[in-house]
Amino acid sequence: MYDIAIIGAGIAGSYIARELTRYKLDVVLLDGENDVGNQITMANSAIVHGGYDAPSYKFKGRFNAPGNIMYEKICEDLDVPFKQCGSLVVAHNEYEMATLHELYQNGLKNGVPGMRIIFKEEVHQMEPNLNPDVCGALYSPTAGVVSPFELCVHAAENAVDNGVTLKLNHLVTDIKKLDDSFKITTTAGDIEAKKIINAAGVYADDIYEMVGEPYFELLARKGNYFIFDKEAGSLVNKVIFPCPSKKGKGILVAPTVHGNLLIGPDAEPVDKGDVSTTSERLDYIKENALKNVPSIPMNKIIRSYAGLRNTPVKASFTTTDGDFILEESPVKGFINVAGYESPGLTSIPAVAHYVVEEIVVPMFPDIEENHEYNPKVRKHLRFEEMSDAEKEAIIKEDPKYGKVICRCETITEGEIIDVIHRSAGARTVKAVKKRSRAGMGRCQGGFCSPRVVEILARELNCTLEDIMYDQQNSAYILSGKTKSAAEEVL
Ligand SMILES: Cc1cc2nc3c(=O)[nH]c(=O)nc-3n(C[C@H](O)[C@H](O)[C@H](O)COP(=O)(O)OP(=O)(O)OC[C@H]3O[C@@H](n4cnc5c(N)ncnc54)[C@H](O)[C@@H]3O)c2cc1C
């Protein structure tokens with residue numbers, strides 16, 4: 001029997017799993033997908049927010065700024081790309097300037113360091129490509145951009161290296177409360193654990209209802225995005241937000257941590273699981289992004305995608321409306337980390353600390369610290385970022401680092417093999433893409449995907465037909481040899 005089962009290996013579950021390894025606990029991290037971080041954590045704005053938006057009485061206001069402050073250290077430990085580029089909330093008139101002052105005051109209450117209200121000249125000096133109508137901005141220097149899926153994968157990897165058991169392809173279908181434990185039924189067998197942490201993203205309400213009476217409900221709200229070629233990546237230096245409205249933060253324009261440009265998201269209520277993009281919604285995004293940055297080169301778009309917010313529409317009994325739900329539920333020993341929408345990515349280091357220290361540790365009176373806990377992952381070798389001398393040395397040691405597989409992003413065979421064989425290693429083409437960036441470039445995997453399939457099959461000792469693009473049973477790439485297919489037709 002495990003001490004704790006965490007349901008959901010997105011950023012919440014993976015990071016909490018890592019945080020739990022500071023203690024001697026037997027932890028299992030379960031996910032229904034064939035990779036970690038494959039749902040909300042895969043498709044969001046990737047912004048490490050300053051923390052001036054949410055009121056200080058909410059968890060969202062309380063944990064955003066402290067989470068932001070922890071990012072530099074955790075990204076160093078987990079070897080995750082992070083750029084503290086700063087953000088601007090821009091105003092076009094006096095009415096919006098008044099909103100900036102409110103955000104500034106709220107930021108002060110939340111402990112956001114270094115914010116300033118700046119005026120026309122300085123704004124346009126900082127961002128020459130902004131709409132000339134912009135008359136002022138709230139500048140937040142601590143905001144930044146990160147790679148959310150690398151953060152999640154590396155947190156899961158570090159959790160596994162510190163002793164967590166990761167079980168993918170374990171979709172939870174039922175939970176029974178026993179006297180002092182829970183029996184969790186999954187599509188790959190039963191698991192027993194003394195406590196449960198429910199971090200199942202947009203499905204967290206369904207998971208809770210397997211064991212308790214409903215007391216919160218989550219609404220899926222889709223956000224669409226465009227990502228642009230690196231040629232457009234330097235159009236803005238900072239994350240550009242419009243003035244927020246009651247509907248949310250609005251359509252942002254941002255550099256990505258890997259040098260692309262990102263615009264989005266809108267907000268549309270949808271069924272859970274619907275991450276399709278539509279031209280109507282995408283047109284809305286283009287139109288609104290152009291209001292702040294009129295010269296966005298729409299011919300440089302390389303991909304569109306959508307992510308699902310998990311918005312709580314019925315408040316929990318201890319937290320306020322629309323806030324993170326972080327609590328032991330009415331079912332004793334069952335902890336909900338739910339309604340975990342933006343700024344969930346930013347807040348996670350601080351939230352994980354809170355969940356572990358304030359909720360989990362008191363549940364285990366004899367808990368002992370794990371003195372062997374190592375916060376660092378083994379460094380990821382990134383060929384493109386190496387000096388010529390380093391490149392020469394690594395190729396000498398392993399010639400596979402001299403073979404470029406993804407030409408757009410200059411990713412070598414050595415790097416792809418490494419991400420397959422790490423703890424929480426890649427098993428699909430998309431999992432390789434998330435970890436190494438092979439397929440993230442201009443051609444979106446047009447050239448390298450067949451080579452990635454071959455490398456995966458060879459390294460995992462399976463057939464080419466076994467390799468999937470993404471989710472279990474959803475996207476096999478190859479069905480057989482062309483010659484045999486032709487023979488079948490004849
Ligand atoms: C459009 C959008 C933009 C955002 N932008 C930002 C931003 O810029 N900055 C920021 O700080 N935050 C942002 N967020 C919020 C942030 O992305 C989320 O808070 C965070 O990713 C949620 O992570 P999670 O682990 O709770 O959920 P998920 O990543 O969805 O993880 C939940 C996991 O549970 C698994 N699961 C579900 N059901 C089951 C089951 N029955 N059995 C087993 N496993 C199951 C899923 O497979 C999944 O892997 C944004 C969110 C969205 C949607």
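**Reading the features**

Biologist: How many bridges join S11 to S12, and do these strands run parallel or antiparallel?

Modeller: Strand S11 (residues 182-186) and S12 run antiparallel and are joined by five bridges. Strands here are DSSP runs of E with at least two residues, helices are runs of H or I with at least four residues, and both are numbered from the N terminus. Two strands pair if DSSP finds at least two bridges between them. Phenylalanine 182 has alanine 193 in S12 as its bridge partner, and a hairpin of two residues links S11 to S12.

Modeller: Before we go on, a word on the model and its numbering. The model is predicted, so local features need pLDDT of at least 70 and side-chain atom pairs count only at pLDDT 80 or more, whereas totals for chains, interfaces and linings use all residues. Residue numbers start from 1 along each chain as its sequence is written.

Biologist: In what order do the three strands of the open sheet come?

Modeller: The order is S3-S8-S4, with antiparallel pairing. Strand S3 (47-48) and strand S4 (82-83) are the edge strands, each pairing on one side only. S4 and strand S8 (residues 144-146) are joined by two bridges, and phenylalanine 82 stands opposite valine 146 in S8.

Biologist: Which residues have the most contacts inside the largest nonpolar core?

Modeller: Nonpolar side chains tend to be buried together in soluble globular proteins. A nonpolar core, as used here, is a set of buried Ala, Val, Leu, Ile, Met, Phe, Trp, Tyr and Cys residues joined through C-beta atoms within 7 Å. Buried means that 20 or more other C-beta atoms lie within 10 Å of a residue's own, exposed means 12 or fewer, and partly exposed lies in between, with C-beta atoms placed from the backbone. The largest core has 120 residues, and those with the most contacts inside it are Ala5, Ile6, Ile16, Leu29 and Ala156. A second, separate core has 20 residues, including Ile411 and Ile467.

Biologist: What is leucine 29 in contact with, leaving aside its neighbours within four places in sequence?

Modeller: Contact means that the C-beta atoms of two residues, placed from the backbone, lie within 7 Å. The partners of leucine 29 beyond those neighbours include Ile6, Ala17, Ala156 and Leu166.

Biologist: Which residues around the ligand are the closest?

Modeller: A residue is near a molecule if its C-beta atom, placed from the backbone, lies within 6 Å of it. The ligand is surrounded by 41 residues, and the closest are Gly8, Gly10, Gly201, Gly223 and Gly344. At least two residues of this shell come from each of helix H1 (11-20), strand S18 (301-314) and helix H8 (344-360). The shell has 20 nonpolar, 17 polar and four charged residues; Ala, Val, Leu, Ile, Met, Phe, Trp, Tyr, Cys and Pro count as nonpolar, Asp, Glu, Lys and Arg as charged, and the others, Gly among them, as polar.

Biologist: Does alanine 424 count as buried or exposed, and why?

Modeller: Alanine 424 counts as buried because it has 28 C-beta neighbours inside 10 Å. Its phi is near 55°, a positive value in a residue other than glycine, and its place is the loop between helix H10 (413-421) and helix H11 (429-436). Glutamine 444 has a positive phi too, of about 50°, but is partly exposed, with 15 other C-beta atoms within 10 Å.

Biologist: How many residues of domain 1 are in contact with domain 2?

Modeller: Domain bounds come from an automatic or database domain assignment. This assignment gives domain 1 (1-81 + 147-216 + 315-379) and domain 2 (383-489). In all, 13 residues of domain 1 are in contact with 10 residues of domain 2. Helix H5 (residues 148-161) gives the largest share of the side of domain 1 that touches domain 2, with seven residues.
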